[in-house]
Amino acid sequence: MTEDARFEDGGERPLNLGAMDVEDIQVISSLVQDAVLPANEIAFQKRHKRLGLLVNRVRWEDQEAADRSGRPLERVQSVLSVENVQNVASQGIERDSETVLSLLSIAFDETEDGAGHVLLTFAGDGALRASVETLELRLKDVTRPYLAPSGKAPSHPE
């Protein structure tokens, strides 16, 4: 008899997730909330139809274990890629600068036949909009977890 996977089964393994629909996007968006990156770590590879971001994300999936043990939350460097990209527009972001951006959310606005726009919203009114032929996102951890230099988890006052 087989059992469904449990959250605990993931343990300390690096994430390697894909998103092909709006529900999947919501999961990835929650995992990259408060990720930080220099603007120059955003690359649009037109030939490969890929928008890539090298982000330092909070390991939100580890929050409960960190709270129980009293240790601070960790960050991990991850590649976030949007596939099937036709073009990219930005607002309030100078992609060649070293300005540090904080990613707030990812959303998908479907247009027709599975095409649409992936919207990445950053703190301070910055945004990227990738027009895609079909929805496909990837989030892959590429380093070991590390303690954030601030030693604190991001907070969101109400």
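In which sense do strand S4 and S5 pair, and over how many bridges? I found S4 (residues 50-58) and S5 pairing in the antiparallel sense over nine bridges. Two strands pair if DSSP finds at least two bridges between them. Strands are DSSP runs of E with at least two residues, numbered from the N terminus.

Ground rules first. I am working on a predicted model, where local features need pLDDT of at least 70, side-chain atom pairs count only at pLDDT 80 or more, and totals for chains, interfaces and linings use all residues. Residues are numbered from 1 along each chain as its sequence is written, and side-chain values use heavy atoms, with hydrogens and water left out.

**Strand S5**

I stayed with S5, residues 74-83. Eight of its ten residues are buried, so I noted the strand as mostly covered. Buried means under 20% relative accessible area, exposed over 50%, partly exposed in between (1.4 Å probe, protein chains only). I checked its bridge partners next. Val76 of S5 is the bridge partner of Arg57. S5 also runs antiparallel to strand S10 (residues 137-141), joined by five bridges. There, Val79 has Lys140 as its partner. Strand S11 (residues 146-147) pairs with S5 over two bridges, again antiparallel. Glu74 stands opposite Leu147 in S11.

**Glu83**

Is Glu83 buried or exposed? This S5 residue is buried, because its relative accessible area is 12%. Its side chain joins that of Ser81 in a polar contact of 3.1 Å. For a polar contact I take a pair of N or O atoms within 3.5 Å; within protein, one must be able to donate a hydrogen and the other to accept it, and residues adjacent in sequence count only if both atoms are side-chain atoms. Glu83 touches Lys49, Arg50, Val132, Thr134, Glu136 and Arg138, leaving out residues up to four places away in sequence. Contact means heavy atoms within 4.5 Å.

**Ser131**

I looked up Ser131 in strand S9 (residues 126-132). Ser131 counts as buried because its relative accessibility is 8%. Its side chain makes a polar contact with the side chain of His117, at 3.1 Å. Beyond four places in sequence, Ser131 touches residues including Asn84, Gln86 and Gly116.

**Gly114**

Gly114 is in the loop between strand S7 (100-110) and strand S8 (116-122). I logged Gly114 as partly exposed because its relative accessibility is 25%. It touches Phe108, Glu133, Thr134 and Leu135, not counting residues up to four places away in sequence.

**Strand S2**

S2 (residues 35-38) has a covered face, Ala35 and Leu37, and an uncovered one, Val36 and Pro38. S2 pairs with S7 in the antiparallel sense over four bridges. Leu37 has Leu101 in S7 as its bridge partner.

Which members of the largest nonpolar core touch the most other members? Of its 31 residues, they are Leu51, Leu53, Val118, Leu120 and Leu137. Such a core is a set of buried Ala, Val, Leu, Ile, Met, Phe, Trp, Tyr and Cys residues joined through side-chain atoms within 4.5 Å. Among the residues Leu51 touches are Phe44, Val82 and Leu128.
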